[in-house]
Each structure stands twice: as structure tokens, then as C-alpha cells.
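Let's take a walk through a protein together.

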Amino acid sequence: MKYQSLRGMKDILPEEAPLWQKIEAACSKKFQQFNYQEIRTPIMEMTELFARAVGQSTDIVSKEMYSFTDKGNRNVVLRPEGTAPIVRACLEHNLISKDKITKLYYFGPMFRYERPQAGRYRQFHQVGIEAFGSADPALDAETILLAVSIFKDLGLTDLEVDLNSVGCKECRPRFDSRLRAYLKGFIVQMCEDCHIRYKKNPLRILDCKKPTCQNITNEILQKIGDSDYLCADCKDHFEKLKSILDSLSVNYKINKRLVRGLDYYTKTTYEVISSSLGAQNAVCGGGRYDNLVEDFGGSSVPAVGFAIGMERLVEIMKLKDQNAKLKANVQLYIAPLGEEAKSKAVEYLQKAREAGISADMDYQDKKLKAQLKIANAIGAKYVLILGDDELKKNIVVLRDMQANSQEEITFEEVLARIR
Ligand code: AMP
């Protein structure tokens, strides 16, 4: 073959697309119920935007950005995530006000130059939300509930919510110093990435997947209580969030390793994990980011949001239901036999479509058996058969593919029946 798609970038084929549409429809419905509005931002942004928001030392910014210089000598990047562009757009178009909560959602492709593996791609899609304007833990809870209810609507139940708090400007530096002090004697035994994290962002060491590093941090985590590293304000926020989730009957598990790979998070972080996925088992990641709007030059506006990985969600749906590759939903397939019937069939086809019925036919003068085979393959509900006899009598044969029965009726009756 002469050309192939780029490594880590995949085509979403027609057999899978209906599943994507089903998920997108379920999300849109939920977003409407929770009063979120759609925003679409460009897939390219200034490189600086992510360096600032996501953090210079994060994997995303330091290793994974598709950044380049454009013809106008600007440093641009294919967006690696959705939050920073949305904050940028909100400030550019004055979408955030202090008097009300601004709630937005988005769908779209993201780009990260990661090592491709199952569930990890270089172009992948996220559906996400951002809510600006309230520091109340009830808003954190609302976003978690929104994610959970999307999964529930899609019939997915074997998912777990992991929850943590990474503190704020006040307590985070103190926790960083405490971690450095704990790890001082052990850091020589840890991986190279952790050496860098130790200097730049020690909290990220808790997120390291290497067994040696995890063994060392296990001991530390046992010594640290659920929230004793947090300041009074963060602790109070975390406790309130937990009790709201309890009252809403949302199951969650405290995971002190959940520090997330993006620097903008403050207080709450969470992930939704699927036991049916492999190593890349997070299907949704989110949390609070109370400083980002101000860091971008706006006023001090607290915010919280999440992003769901579409490819992983599609994968879970497929694993749950092997038949999840939905067939195209053609209601009426028209099978003419002969030249004269064909021109009448074209007319019927148009009339059926105008009547709001999904209809199709094959223009290649195939025999009836071959046409029925196609109708079956595309999952047509009914087949309208039209030959010389039927033309003369001004009727058609309507075949019900499921019931395996057929009858002679007029075309008008066909329309009424299907509608
Ligand atoms: P993040 O923006 O890193 O918080 O990721 C949010 C969600 O996007 C994750 O939970 C995954 O479901 C998905 N995701 C992140 N990176 C990738 C990737 N490289 N390939 C596929 N899905 C991804």
C-alpha cells in the first residue's frame, strides 16, 4: 500500500462511527440537562498557552507537543488538551462574569506525541466540560455526577471514581517540602524521571508507575493521612465534597496517588477508571483549577472541569457489547427488477426520503437475491420489491425482513406503514 495514516493516528471507520454518534448524543443530552453550552475552539493555539497552563515540566509540554513555527514565524501547537484554549477563549470573548456560573462543553481532537499503545494515541478525542465562577465543592460534585451519569446512561456500571485533593498555593509548597524531606534518602533508588520530579514537582513522584518508585512511596503514603497535608480551607473543601458525594450516593475511592499530569489543578482531582481497560484505564480525568483564569490575565475566578477520552469510552462500549458496532439504520430498501421498474424506484426512493424515511437502493441492476442480500447486510427493516407485474397493477411488494413475510400494497400504504 502506498500511503498509511500516521503512527498513533487512526481512522474512525463507518462501522464504528454510529457508536461515536451514540456517545456524543448521550453526552449532549446530559450537558443540556445540566445546563452546559457548547464551545468550539481552533485545534491550533500559541505554544505559550500550554507551557503556561499545563506547566513547563509536565510530560505534555516537555515531551509531547506537536509544536512548530508557522510561515509567519509564530510558535504554534496542535492543542494537547481543551481547558487552556477554553480559558483563553473565555477571556478573549468576555464569557466569564462574577455574577453567574459559566458552563461550557466541547468535543474534539487533541494531539500528544506519546508512545502509542492500546488506549493511547497521538491524535485522540475528548469530550469535556468546564464550569467557571464558583469555589463551592457542590460544583465539583456536580461535574463528577455529570460524568458518572453519562456513563450510566450508556449502560456502563463497572467504573470507579478515584478522588484526591492536591491542595492550593498555600499548602502545596509545604507538602512539596515535606515530600522532598521524606524522599531525600530514597531518591537515589528511584527512576530518572523521578529525579527530575524531585527537583521540579515532587508531588508527581506519587504518580510514577515504576514498581521500585511505588514501593518507596507506598510507605510515605501510609504515613500521610487522607487530608492532613492540606490547609484548613482545602481540607474543609475536600470534606464537604466527600459528604456531598455521599449524599448523592456517588461511590468513590480516595487515591492519594492521583495528582494528574497537568500543573493547573488545585484542590480536587478525580478520575473515572474502568476495570475492563488495560494499563491505560482512565476514561475521564478532571479537577478544580482556581488559579488558571487569573494566571491568564483575568480576574480571580475559580473553575472545575473534566475530559472524557472518547477512544477509551468507545473501547469499553465495544467490550461490553460485542454487537456494539451498530448497523446503519436504513428503514426501507428499494429493489427494482428491470429498466422500467428502476425509474419508478428512483421516484419512490425520493418520495420516501422526502417523507422522512431513511431509504436506499442499488443502481446496478442486480438480481433480486443479490439485492435482498445487500438489504440484509445493511440491516434494512423493509424491502420494497418492484417488477413489471407490480408496475402494471400499481402496487408494490413490501417485505418485512424481520418477520420474513411479504404482502402486496400500494406505495402510499408503504409510507404510512413505515411512518
Ligand atoms: P487528560 O487530559 O490527560 O487529563 O486526559 C483525560 C482523558 O483523556 C483520559 O482519562 C483519557 O481517557 C483520555 N486520554 C488522554 N491522553 C490520551 C491518549 N494519548 N490517547 C487516548 N486517550 C487519551
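**Holes and charges**

The largest cavity holds about 70 Å³ of space. This is a predicted model, so to speak of local features we need pLDDT of at least 70, side-chain atom pairs count only at pLDDT 80 or more, and totals for chains, interfaces and linings use all residues. Residues are numbered from 1 along each chain as its sequence is written, and side-chain values use heavy atoms, leaving out hydrogens and water.

How do you find a hole like that? Rolling a probe the size of a water molecule over the atoms shows where empty space is left. Here, a cavity is a set of points on a 1 Å grid over the protein atoms alone where a 1.4 Å probe fits but cannot get out, and lining residues have an atom within 4 Å of a point. Grid points are joined across faces, edges and corners, and the volume is the space filled by probe spheres set on the points. Searching the whole structure turns up 2 cavities of 30 Å³ or more.

Glu271 lies in strand E9 (residues 266–274) and Arg260 in the loop between strand E8 (253–254) and E9, so the pair ties together parts that are 11 residues apart in sequence. Strands (E, at least two residues) and helices (H or I, at least four) are DSSP runs, numbered from the N terminus. Both Glu271 and Arg260 are buried, meaning under 20% relative accessible area, with exposed over 50% and partly exposed in between (1.4 Å probe, protein chains only).

Now try Arg197, in helix H7 (residues 192–200). Arg197 is buried yet has no salt bridge, and Asp193, the nearest side chain of opposite charge, is 4.2 Å away (Lys and Arg count as positive, Asp and Glu as negative; His and the chain ends are not counted).

Definitions and conventions:
On a 1 Å grid over the protein atoms alone, a cavity is a set of points where a 1.4 Å probe fits but cannot get out, and a pocket is an open set with protein on both sides within 12 Å along at least five of seven lines; lining residues have an atom within 4 Å of a point. A salt bridge is a side-chain nitrogen of Lys or Arg within 4 Å of a carboxyl oxygen of Asp or Glu.
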